[in-house]
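Visitor: Hi! I'm new to this one, could you walk me through it?
Guide: Happy to, here it is.

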Amino acid sequence: EVGVEGEVRVREERGRGFKWRGVPLELWTDGSAGTGVASWAVVDVHHRVVASGRVPGPQTNIRAELMGVVVALAIIAKRGEAGARIRCDCKLVVDVATGLARRLSNLDLWACFDVELGRAHIPPNAIEWTQAHVGTIGNELADMAARAEAQRLIDSRARLYLDHERTPQDTRADGRNESRQDEVPPPKRRRYDPAMDGWEDE
């Protein structure tokens, strides 16, 4: 959530057995865009999805990639961890973040980036590029989490659309939909189990 003066407020998804002590803070970010929905995700060194959500404003992949980095910076600022690093597979975002390329678009999110970078107290070169889809587990999990968040948002939007388009005979006397729930269920917290090579609900 983007707050006043570009500050980003983050609600982390911490599960049971969440441990940080003694492990350098390293966050992996990724974005996904499709069917009019752009989402981002941040994964930690314990292979947990720390945070995920929808991109504000125009729904593009670059904005999703950038928002993931902005949120990662907000998490670092919130924890006050020294020596933290961010891994992002979007070279354009990393090049702009480190001053190798100019800012030509998405200036609203870059303003948020500046605020969170100052709060995180890490140098721009702590944001590093990582090659995508080469089997790096942090990158692969961030990609999976961003895609899963996008699909959840698409499903939620479709459910709301269907609920809006329902016919009178689909509705009970108390106003609730007989064939579908009126409310969109909240997302389940999930963690990656390396032994199972898959995701499971917490």
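Guide: Some terms first: strands (E, at least two residues) and helices (H or I, at least four) are DSSP runs numbered from the N terminus, and two strands pair if DSSP finds at least two bridges between them. This is a predicted model, where local features need pLDDT of at least 70, side-chain atom pairs count only at pLDDT 80 or more, and totals for chains, interfaces and linings use all residues. Residues are numbered from 1 along each chain as its sequence is written, and side-chain values use heavy atoms, leaving out hydrogens and water.

Visitor: Thanks! In what order do the five strands sit in the sheet?
Guide: The order is β3-β2-β1-β4-β5, in an open sheet with mixed pairing. β3 (49-54) and β5 (127-129) are the edge strands, each pairing on one side only.

Visitor: In which sense do β1 and β4 pair?
Guide: Parallel, over four bridges. E26 stands opposite R85 in β4.

Visitor: And what about β2 and β3, parallel or antiparallel?
Guide: They are antiparallel, with five bridges, and A41 has S52 in β3 as its bridge partner. The two strands form a hairpin with five residues between them, and H47 in the turn has a positive phi of about 65°.

Visitor: New topic: how many disulfides are there?
Guide: Counting cysteine sulfur pairs within 2.5 Å, the total is zero. For C88, the nearest cysteine sulfur is that of C90, 5.3 Å away.

Visitor: Is C88 buried or exposed?
Guide: C88 is buried (under 20% relative accessible area; exposed is over 50%, partly exposed in between, with a 1.4 Å probe and protein chains only), at 0%. C90 counts as buried too, at 9%.
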